Amino acid sequence: MQEFTKFPTKTGRRSLSRSISQSSTDSYSSAASYTDSSDDEVSPREKQQTNSKGSSNFCVKNIKQAEFGRREIEIAEQDMSALISLRKRAQGEKPLAGAKIVGCTHITAQTAVLIETLCALGAHCRWSACNIYSTQNEVAAALAEAGVAVFAWKGESEDDFWWCIDRCVNMDGWQANMILDDGGDLTHWVYKKYPNVFKKIRGIVEESVTGVHRLYQLSKAGKLCVPAMNVNDSVTKQKFDNLYCCRESILDGLKRTTDVMFGGKQVVVCGYGEVGKGCCAALKALGAIVYITEIDPICALQACMDGFRVVKLNEVIRQVDVVITCTGNKNVVTREHLDRMKNSCIVCNMGHSNTEIDVTSLRTPELTWERVRSQVDHVIWPDGKRVVLLAEGRLLNLSCSTVPTFVLSITATTQALALIELYNAPEGRYKQDVYLLPKKMDEYVASLHLPSFDAHLTELTDDQAKYLGLNKNGPFKPNYYRY
């Protein structure tokens, strides 16, 4: 305290308490220490900011953080060698020359590497965030300083979220011809608000379960008037981003926010798809007792064979310590479930959408909300029971922690190749429907990442290739093969 009073700050004691609480819970790269707390009182929409080139075609928290953001991006590039390799290989050809890409993804150091790769390949990009809590403010500032029209900051309101998307789409003298989406909100906005723009889009690339589901709904209704690429169900996305990434980031997000010890804890994971499998593997390894809820008998049987009990949520809701949703569905955890939970039960979501937990039902007069840390709320019942809600039901790992850069390199490379494929495809190759990434591209993405492990592929002999009926250069598996 003597040291503190010796060096007073203009924000006084509040600044100290803020730095203590946030340093342990925010992402290391969230630059909480770089941001003056007085900044929080002014919405970025009300600020007049320009970058060093005099441009104001962006809206971020604080453009002065650009230098810190550039360091974050440079660090991410070190573990995204495959994407950088693709950038160097294709930079001379400019396969995206003339492409006007409007994007809505998480804005992190890793996605910044993707955005700058697209720009290096000839594209002109405008970007917003698909999650109101996952934006790294200093990275957004670095992109704005580099000339990318980015509209995003951490802690947007719902109104800010849609305003940012609209600013990306609606600009005089500029009309998007490609969409890169994560969750389907951008696609939905363009489809509803700017139908004439939507009809002229040359291709949509979507990377989430939620967004892909929306695209298939449009296609089934005969309303999808542009070709779309389902990146979420590509092998490199499903197996690496969904499975391996979540296996590591689920623990990171939970420990940063709650400091919970998992040994002996009872955890129910709703959904045993690739995300659920990754979460369960990590929790089991730390000694947690894991239950699974599933609607699909195949996934349920997999869970049983992996040593997990498959239950209905109602059967265990009173006894579990942690509830994790990863289904992509809505109202998986309802108010009835929340009412029956034990005191201090932790509730969080690992699916993309914020609809899995019925958070709206908790905003009632009889319940008290108490913010105890960044992205951590105690919802208090009249009898004193507390439920610990993380990130207000939004995506835990990107809202409350970080995700492994290497895995995001795989997804980003897949997205870049999908955009190149759709943009350069001859007329007639892709109709107005949803497509999977060609198998050959999936294998190419994987091959780009093998040098990081000093891995050496075995090559088929001519006789072996003939025996298997394969091309020596792939693809090596049919489209129906399940990895």
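This dialogue goes through some features of a predicted model.

Student: What should I know before reading the numbers?

Tutor: Residues are numbered from 1 along each chain as its sequence is written. The model is predicted, and local features need pLDDT of at least 70, side-chain atom pairs count only at pLDDT 80 or more, while totals for chains, interfaces and linings use all residues; side-chain values use heavy atoms, with hydrogens and water left out.

Student: Which residues does the UniProt annotation "binding site" cover?

Tutor: UniProt positions are given in the numbering used here, feature names are shortened, and annotations may be inferred rather than shown by experiment. In this case the unreviewed entry covers G273, E274, V275, G276, K277, G278, E294 and N397.

Student: Where does E274 lie, and is E274 buried or exposed?

Tutor: Helices (H or I, at least four residues) and strands (E, at least two) are DSSP runs, numbered from the N terminus. E274 lies in helix α12, residues 274–285. Buried means under 20% relative accessible area, exposed over 50%, and partly exposed in between (1.4 Å probe, protein chains only). E274 has 17% relative accessibility, so E274 counts as buried.

Student: What does E274 touch?

Tutor: Contact means heavy atoms within 4.5 Å. Not counting residues up to four places away in sequence, E274 touches Q238, K239, N242 and L243. A polar contact is a pair of N or O atoms within 3.5 Å; within protein, one must be able to donate a hydrogen and the other to accept it, and residues adjacent in sequence count only if both atoms are side-chain atoms. The side chains of E274 and K239 make such a contact, at 3.4 Å.

Student: Where is E294 found?

Tutor: E294 is in the loop between β8 (289–293) and α13 (297–305). E294 counts as partly exposed because its relative accessibility is 23%. Its contacts, leaving aside neighbours within four places in sequence, are G271, Y272, G273, C299 and A300. The E294 side chain reaches the backbone nitrogen of Y272 at 2.7 Å.

Student: How do I read the sheet, and in what order do its strands come?

Tutor: Strands of a sheet pair through backbone hydrogen bonds, either parallel or antiparallel. Two strands pair if DSSP finds at least two bridges between them. Here eight strands form an open sheet with mixed pairing, in the order β9-β8-β7-β10-β11-β14-β13-β12. The edge strands β9 (309–310) and β12 (368–373) each pair on one side only.

Student: How many bridges join β7 to β10?

Tutor: Four bridges join β7 (residues 266–270) to β10 (residues 322–325), and the two strands run parallel. V268 has V323 as its bridge partner in β10.

Student: Which polar contacts does the side chain of N232 make?

Tutor: The N232 side chain makes one with the side chain of D233, at 3.4 Å. Another, also of 3.4 Å, joins the side chains of N232 and K237. N232 lies in the loop between β6 (228–230) and α11 (235–258). With 3% relative accessibility, N232 counts as buried. Beyond four places in sequence, N232 touches several residues, including E206, E207, Q238 and N242.

Student: Which residues does UniProt list for the "S-adenosyl-L-homocysteine hydrolase NAD binding" domain?

Tutor: The unreviewed entry lists residues 242–403. Over this range the chain is 33% helix and 23% strand, and the end C-alpha atoms are 11 Å apart.
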